[in-house]
Amino acid sequence: EVGTGSSFATGKTASGTYTYNVTVSNPTTGCTAAQASVILQISDCDLVAPTVTSDNESICEEGTNPTFTATAPNSIIWYSDVNLSNQVATGATFTPTNTAVGTYNYYVVQKGTCQSPAKKVTLTINPIPTISIAVTPSLKTTDAPAVVSLSPIGGVLSGQGVSNSKFDPSIGAGEYVITYTYQDVNGCSSSASATVVVTVPSDRTQLGDTIARANAILTQYAN
């Protein structure tokens with residue numbers, strides 16, 4: 001610990017990059033917030049950090065990585081570490097090659113007779129949501145509507161015979177594909193499908209089908 005309170009003076013004067021971590025604690029509940037990093041860069045160079053059109057980009061897993069664009073009057077260099085030791089690109093644009101879920105920081109400087117402080121850019125790759133759909137795979141036209149189990153809830157269920165998260169086999173004999181699509185808070189979406197085969201009982205008359213279906217529905221709601 002190097003300090004407490006709402007402000008902190010580092011006392012640093014030498015050129016370099018200094019990283020500090022800050023948290024907020026509630027003395028009443030004892031809860032402590034996650035750490036946030038603060039970076040101090042001291043340079044004897046009169047160049048300023050490049051201007052970046054967008055310094056924080058988010059995509060979904062398997063999406064197309066964005067291209068960061070920087071503007072400066074001198075040569076532009078990109079690094080993958082805050083200490084500016086691992087150069088990954090030069091020039092006004094840089095497209096990260098990361099594909100795994102996670103958060104990645106890069107740093108861009110301009111270099112003339114000296115090197116400017118760095119501007120940080122961040123790429124966040126969010127996971128595709130994992131979803132599931134389950135329903136009775138084989139039904140008779142006389143069966144009561146079957147509940148379709150969905151996880152997580154909050155998505156859109158579509159397909160013939162679907163209503164209020166149930167599949168109604170009275171739609172008729174055939175093979176039906178029902179699809180569940182879900183989008184999470186990050187805007188990442190996924191879909192899953194299930195197939196239901198509906199057949200007509202061979203030993204039922206039309207009147208018998210109607211009676212059997214009525215009894216099935218009555219039994220379902222009576223329970």
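**A cysteine and its surroundings**

Reply: Cysteine 188 has a relative accessible area of 0%, so this residue is buried, a word that applies under 20% relative accessible area, with exposed meaning over 50% and partly exposed in between (1.4 Å probe, protein chains only). The model is predicted: local features need pLDDT of at least 70, side-chain atom pairs count only at pLDDT 80 or more, and totals for chains, interfaces and linings use all residues. Residues are numbered from 1 along each chain as its sequence is written, and side-chain values use heavy atoms, with hydrogens and water left out.

Me: Which cysteine does a disulfide join to cysteine 188?
Reply: A disulfide is a pair of cysteine sulfur atoms within 2.5 Å. A search of the whole structure finds 1 disulfide. With an S to S distance of 2.2 Å, the partner of cysteine 188 is cysteine 60.

Me: How many residues apart in sequence are the parts that this pair ties together?
Reply: Helices (H or I, at least four residues) and strands (E, at least two) are DSSP runs, numbered from the N terminus. Cysteine 60 belongs to strand β4 (residues 56-60), whereas cysteine 188 belongs to the loop between β18 and β19. The pair therefore ties together parts separated in sequence by 128 residues.

Me: Is the disulfide of cysteine 60 and cysteine 188 left-handed or right-handed?
Reply: The handedness follows from the torsion about the S-S bond. This torsion is about -100 degrees, so the disulfide is left-handed.

Me: Which residues is aspartate 184 in contact with, leaving aside its neighbours within four places in sequence?
Reply: Aspartate 184 is placed in the loop between β18 (174-183) and β19 (189-199). Contact means heavy atoms within 4.5 Å. By that criterion, the residues are Pro127 and Pro129.

Me: How far away is the side chain of opposite charge nearest to aspartate 184?
Reply: Lys and Arg count as positive and Asp and Glu as negative, while His and the chain ends are not counted. Aspartate 184 is buried yet has no salt bridge, that is, a side-chain nitrogen of Lys or Arg within 4 Å of a carboxyl oxygen of Asp or Glu. The nearest side chain of opposite charge belongs to lysine 120, at a distance of 22 Å.

Me: What is the radius of gyration of the protein chain?
Reply: The protein chain has 1 helix and 19 strands. Its radius of gyration, taken over C-alpha atoms, is compared with the globule rule, 2.2 Å times the number of residues to the power 0.38. That rule gives 17 Å for 223 residues, and the chain is well over this, so it is more spread out than a compact globule, at 30 Å.
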